[in-house]
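Subject: Structure for your review

Dear colleague,

Please find below the sequence and structure for your review. My notes on the findings follow directly after it.

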Amino acid sequence: MHHFFAARENIYKNYIEIVDDDVNHIRNVLRMKVGDKIRISSGDNVDYICSISRIDEGKIRADIVSIDKTGNELPIKVYLFQGLPKQEKMELIVQKMVELGVYSIIPVAMKRCVVKLDDKKAKSKAARWNSIAESAAKQSKRSIVPQVQQVMTFKEALTYAKNFDIKLLPYECAEGMEQTRNIIEQLTVGQSIGIFIGPEGGYDLTELELAKQYGWESITLGKRILRTETAGMMLMSVLMYKMEGF
């Protein structure tokens with residue numbers, strides 16, 4: 001069943017209106033007809049099974065058949081703080097982290113980032129990344145579209161996460177896999193979790209010290225050194241495995 005998203009203002013008691021780019025996709029790409037069934041998510045973890053009842057030039061009406069309030073989201077909110085990698089890597093990270101269940105992605109400009117973005121380029125990239133996030137959310141049947149936020153400085157990112165329940169910073173020089181296991185085992189429903197992944201060039205020592213002052217805990221992900229595009233996915237997979245179905 002094809003999956004779409006609708007803004008809350010377009011969801012009525014008995015039907016939902018689909019507008020914008022999805023209209024063209026349904027009409028001219030998928031060539032769907034009146035009577036076809038689709039799944040529509042509201043963006044707040046509620047899904048609607050609908051039947052298309054009308055197809056117009058710029059609007060599609062879908063009658064609500066049933067409502068699923070269980071949603072497809074994890075019972076924790078995981079925020080990825082990603083040190084800016086090269087363009088193709090960031091697009092891969094956004095796509096796969098959304099599929100795995102991340103709640104939000106925050107690109108971070110750090111001292112050892114290979115990529116440097118001015119304000120204009122940063123906004124353009126964010127728009128591109130959010131488009132990838134929406135596509136990945138549809139493909140993976142997410143009940144929300146995770147937001148890729150505007151690029152932050154390192155200190156802005158630390159301030160943003162200051163009230164999170166858990167803040168994890170995988171670091172290649174950290175030791176003690178047992179500590180990592182203990183942290184994962186103690187996760188509970190409803191927590192906000194930040195994971196901070198450095199760029200290709202790694203962390204500057206001053207960044208590590210500042211992160212420690214803001215309550216971030218350095219952890220190891222094992223004996224092998226993971227690339228920046230692998231580390232976040234690895235940790236997100238573990239979090240998903242631990243919390244899925246709670």
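Ala161 lies in the loop between helix 4 and strand 10 (166-170); helices (H or I, at least four residues) and strands (E, at least two) are DSSP runs, numbered from the N terminus. The model is a predicted one, in which local features need pLDDT of at least 70 and side-chain atom pairs count only at pLDDT 80 or more, while totals for chains, interfaces and linings use all residues. Residues are numbered from 1 along each chain as its sequence is written, and side-chain values use heavy atoms, with hydrogens and water left out.

Ala161 has 0% relative accessibility and therefore counts as buried (under 20% relative accessible area; exposed is over 50% and partly exposed in between, with a 1.4 Å probe and protein chains only). Leaving aside residues up to four places away in sequence, Ala161 touches Phe81, Lys167 and Trp216, where contact means heavy atoms within 4.5 Å. Its C-alpha atom is separated by 8.7 Å from that of Tyr214, 53 residues apart along the chain.

Phe81 and Trp216 also belong to one aromatic cluster, together with Tyr79, Tyr103, Phe154, Tyr160, Phe164, Tyr171, Phe196 and Tyr203. The structure holds 13 aromatic pairs (rings of Phe, Tyr and Trp, the last by its six-membered ring, with centres within 6.5 Å; planes under 30 degrees apart are stacked, over 60 edge-to-face and the rest tilted). The ring centres of Tyr79 and Tyr103 are 5.4 Å apart and the planes stand at 65°, so this pair is edge-to-face. Because Tyr79 is in strand 6 (residues 77-83) and Tyr103 in the loop between helix 2 (87-100) and strand 7 (104-109), the pair ties together parts that are 24 residues apart in sequence. Tyr79 is buried at 11% relative accessibility, whereas Tyr103 is partly exposed at 30%.

Phe154 and Phe196 form a tilted pair, with centres 5.2 Å apart and planes at 55°. This pair links distant parts of the chain, namely helix 4 (residues 154-160) for Phe154 and strand 11 (residues 192-197) for Phe196, 42 residues apart. Phe154 is buried at 7% relative accessibility, and Phe196 is buried at 0%.

Turning to helix packing, the axes of helix 2 and helix 7 (residues 228-243) come within 10 Å and cross at roughly 5° (axes are lines fitted to C-alpha atoms, for helices over the stretch in contact, and angles run from 0 to 180 degrees between N-to-C directions). The two helices are therefore roughly parallel to each other (under 35 degrees; over 145 is roughly antiparallel, 65 to 115 roughly perpendicular and the rest oblique).

Kind regards
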